[in-house]
Amino acid sequence: MRLARAESYMTNDPGNDPAEPHAAQLTAWDVPSAVVAGERFKFAVGARCPAGCDLGGRELSLFDQEGSPAGTVKLGHDIWPGTEALYFAEVEAGAPLEAGSHHWEAKMAGWDAELPHAAGSFPLMVRVVPAPDCEVTVRAVDREKQTPIKGARVVMHPYRAVTDDNGIARVRVARGQYDILVSGSQYLPACASVEVTADLITSAELYADQPDEDQE
């Protein structure tokens, strides 16, 4: 898993009073930019205690926009590399059936041990799209050299893809109006609007991003 985005939400500040429960800090990352309605999807969740307490084995629950349970997972006993006591797990859930943006929440109940811990929560957005029924093929080429651009990013919000060795990216989308944004390292981005009613093939010619000769 790749830690693409990790934000924390603290529900309680233990301060300097040892009698105060420790805070529970939750986070989530690798949430897909879009999931197809009704399909299963995976992402990562994590929790940490500011005091570095062992949270391995603690249960974390997901709740959907209506407050109904959407899944549970137990944190592993390993710590995410490069962090201080961030215990994590991969969770799988089912996407809502209705397209749109859905506000979910990850929660961990409080518990009493030798050191009590307060409950914690973390909000997350689940963006649901209709099932794709068209394929858009995008070819990215260097404007001057007319050579394919490998690794260019193709975005048809909320769908995304990356071009292969031949500069080709194939994006499965639902019918509709889209802005196609194509960008690549050392290239100026290109954008075009299209209406997708069936499978479509298009190309994007990108200009190389020339360095400013006036700057040393």
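Trainee: In which strand of the protein is confidence lowest, and in which is it highest?
Mentor: Lowest in strand β1 (residues 9–10), with a mean of 40. Highest in strand β10 (residues 134–142), at 97. These values are pLDDT, the predictor's confidence in each residue, from 0 to 100. Over residues 1–16 the pLDDT is below 50. Even so, that stretch has 41 contacts in the model beyond near neighbours in sequence. A contact means heavy atoms within 4.5 Å.

Trainee: What is the average pLDDT of the protein?
Mentor: 87, and 87% of the residues score at least 70. This is a predicted model, where local features need pLDDT of at least 70, side-chain atom pairs count only at pLDDT 80 or more, and totals for chains, interfaces and linings use all residues. Residues are numbered from 1 along each chain as its sequence is written, and side-chain values use heavy atoms, leaving out hydrogens and water.

Trainee: How many helices and strands are there in the protein?
Mentor: 0 helices and 16 strands. Both are DSSP runs numbered from the N terminus: helices are H or I with at least four residues, strands are E with at least two.

Trainee: What makes β11 and β12 a pair?
Mentor: Strands pair if DSSP finds at least two bridges between them. Strand β11 (residues 153–156) and β12 are joined by 4 bridges, so they pair. They run antiparallel. Val-154 has Ala-161 of β12 as its bridge partner. Val-155 has Arg-160. A hairpin of 2 residues joins the two strands.

Trainee: Why is β12 called an edge strand?
Mentor: First, the sheet. It is open, has 4 strands in the order β12-β11-β14-β15, and pairs antiparallel. β12 and β15 (190–196) each pair on one side only, and these are the edge strands. In general, strands of a sheet pair through backbone hydrogen bonds, either parallel or antiparallel.

Trainee: Which residues of β12 lie on its covered face, and which on its uncovered one?
Mentor: In β12 (residues 159–162), Tyr-159 and Ala-161 are on the covered face. Arg-160 and Val-162 are on the uncovered one. In a regular strand the side chains alternate between the two faces of the sheet.

Trainee: Why is Ser-183 called buried?
Mentor: Buried means under 20% relative accessible area, exposed over 50%, and partly exposed in between (1.4 Å probe, protein chains only). Ser-183 has 17%, so it is buried. The residue lies in strand β14 (residues 176–183). Not counting residues up to four places away in sequence, Ser-183 touches Ala-152, Arg-153, Pro-189 and Leu-206.

Trainee: How do you know that Leu-124 is buried?
Mentor: Its relative accessible area is 8%, so Leu-124 passes as buried. Leu-124 sits in strand β9 (residues 120–129). Among its contacts, leaving aside neighbours within four places in sequence, are Phe-43, Leu-62 and Trp-104. Leu-62 is 62 residues away in sequence, and 9.8 Å away in space, C-alpha to C-alpha.

Trainee: Is Cys-191 buried or exposed?
Mentor: Exposed, with a relative accessible area of 56%.

Trainee: How many disulfides does the structure hold?
Mentor: 0. A disulfide is a pair of cysteine sulfur atoms within 2.5 Å. For Cys-49, the nearest cysteine sulfur, that of Cys-53, is 3.7 Å away, so Cys-49 is in no disulfide. At 1% relative accessibility, Cys-49 counts as buried.

Trainee: What percentage of the residues count as buried?
Mentor: 38% of the protein's 216 residues.
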